[in-house]
Amino acid sequence: MSEPQDATRDVPGAGRSRRRWLLPAAGLAAALAVASAVVAATGPDPERPAARPVAAPTSLPPTAVTSTPSAVPVPVGPPSPTVTPARASTPTRRPAPARSTTSAAPRPRATTRAPKASCTPAGVVDVVQLFTDGVVKVAARTDGEWSDQLCPGERIRVFWATYRRTADGGATLYRSEVRYLDRASPTWTMHLVTPDTCGPWYVVSGGASIPRTLKPGVVPFGGSKMHWETGEHC
């Protein structure tokens with residue numbers, strides 16, 4: 001018994017039509033195989049994490065913002081080391097000294113005084129009141145306000161002398177008086193006794209002698225005279 005023959009063999013063009021259908025089917029099968037391999041390699045998609053709740057915004061104090069120009073890049077350097085400020089030592093207070101309840105004696109106030117001038121041997125005598133109605137007052141320097149003070153323990157010889165004019169132009173002694181001034185009695189108010197007629201008189205300090213007569217034109221006592229009148233203008 002003979003095998004039945006394929007009917008397609010007898011139909012012209014049937015083989016070409018079958019080959020055109022098989023080619024697209026083979027390509028589709030290959031693409032499905034590649035996709036299955038990729039899915040097998042990557043595995044199932046991981047589960048997405050649950051969304052976290054959004055925290056409520058916290059109000060912050062305003063801070064100063066320094067704007068940096070976007071065109072200029074800001075260099076980022078290494079982080080600066082953290083400096084720990086040194087703790088300032090707290091000064092220790094010293095206990096206040098105990099106050100004494102006993103009141104201190106008041107200090108004497110310093111008074112400003114002029115320095116005393118050094119003394120001068122024999123000192124100096126000044127006329128403190130000029131001749132007025134026969135009165136002349138003299139005083140030795142003992143107050144410390146002037147130089148040439150009378151030294152302690154010393155005394156100064158002082159005298160006055162009046163003269164009567166003579167016919168030849170000279171003069172003779174009429175009256176005189178001598179005293180000594182010291183620190184106990186530094187002043188003397190003289191009362192000169194003069195003649196009725198005009199004549200010379202002298203107030204002198206020091207050790208000069210008192211002449212009994214005066215020659216015409218002679219003025220005695222030199223530089224020891226403190227106050228005088230020659231009688232020429234009487």
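Which two strands form a hairpin, and how many residues lie between them? Strand 2 and strand 3 form this hairpin, with 2 residues between them, and Asp133 in the turn has a positive phi of about 55°.

This is a predicted model, in which local features need pLDDT of at least 70 and side-chain atom pairs count only at pLDDT 80 or more, while totals for chains, interfaces and linings use all residues. Residues are numbered from 1 along each chain as its sequence is written, and side-chain values use heavy atoms, with hydrogens and water left out.

**Confidence**

The chain averages a pLDDT (the predictor's confidence in each residue, from 0 to 100) of 72, and 50% of the residues score at least 70. Over residues 1-12 the pLDDT stays under 50, and the model has 1 contact (heavy atoms within 4.5 Å) beyond four places in sequence for them. Residues 63-72 also have a pLDDT below 50, and that stretch has 1 contact in the model beyond near neighbours in sequence. Where pLDDT is low, the predicted coordinates should not be read in detail.

**Strand 3 and its partners**

Strands here are DSSP runs (E, at least two residues), numbered from the N terminus, and two of them pair if DSSP finds at least two bridges between them. Strand 2, residues 125-132, is joined to strand 3 by 5 bridges, and the two run antiparallel; Val125 stands opposite Ala140 in strand 3. Strand 3 is also joined to strand 7 by 5 bridges, again in an antiparallel arrangement, and here Val136 stands opposite Met190 in strand 7.

**The nonpolar cores**

A nonpolar core is a set of buried Ala, Val, Leu, Ile, Met, Phe, Trp, Tyr and Cys residues joined through side-chain atoms within 4.5 Å. The largest one has 14 residues, of which Val138, Val158, Met190 and Val203 touch the most other members. Strand 3 (135-140), strand 5 (156-165), strand 7 (187-191) and strand 8 (201-205) each supply at least two residues of this core. Another core, of 9 residues, lies apart from it and includes Phe159, Tyr202, Val204 and Leu214.

**Aromatic pairs**

Rings of Phe, Tyr and Trp (its six-membered ring) pair if their centres lie within 6.5 Å, and planes under 30 degrees apart count as stacked, over 60 as edge-to-face and the rest as tilted.

| Pair | Centre to centre | Angle of planes | Kind |
|---|---|---|---|
| Phe159 and Phe221 | 5.6 Å | 65° | edge-to-face |
| Tyr202 and Phe221 | 5.4 Å | 65° | edge-to-face |

Phe159 lies in strand 5 and Phe221 in the loop between strand 9 (213-214) and strand 10 (225-229), 62 residues apart, and this pair links distant parts of the chain. Tyr202, in strand 8, is 19 residues from Phe221. Both Phe159 and Phe221 are buried, and Tyr202 is buried too. Phe159, Tyr163, Tyr202 and Phe221 form one aromatic cluster.

**A buried threonine**

Thr162 has its place in strand 5 and is buried, with a relative accessible area of 0%. Among the residues that Thr162 touches, not counting those up to four places away in sequence, are Thr172, Tyr174, Leu192 and Trp201.

Note on methods:
Buried < 20%, exposed > 50% of the residue type's maximum accessible area, 1.4 Å probe, protein only. Helix = DSSP H or I, 4+ residues; strand = E, 2+ residues; numbered from the N terminus.
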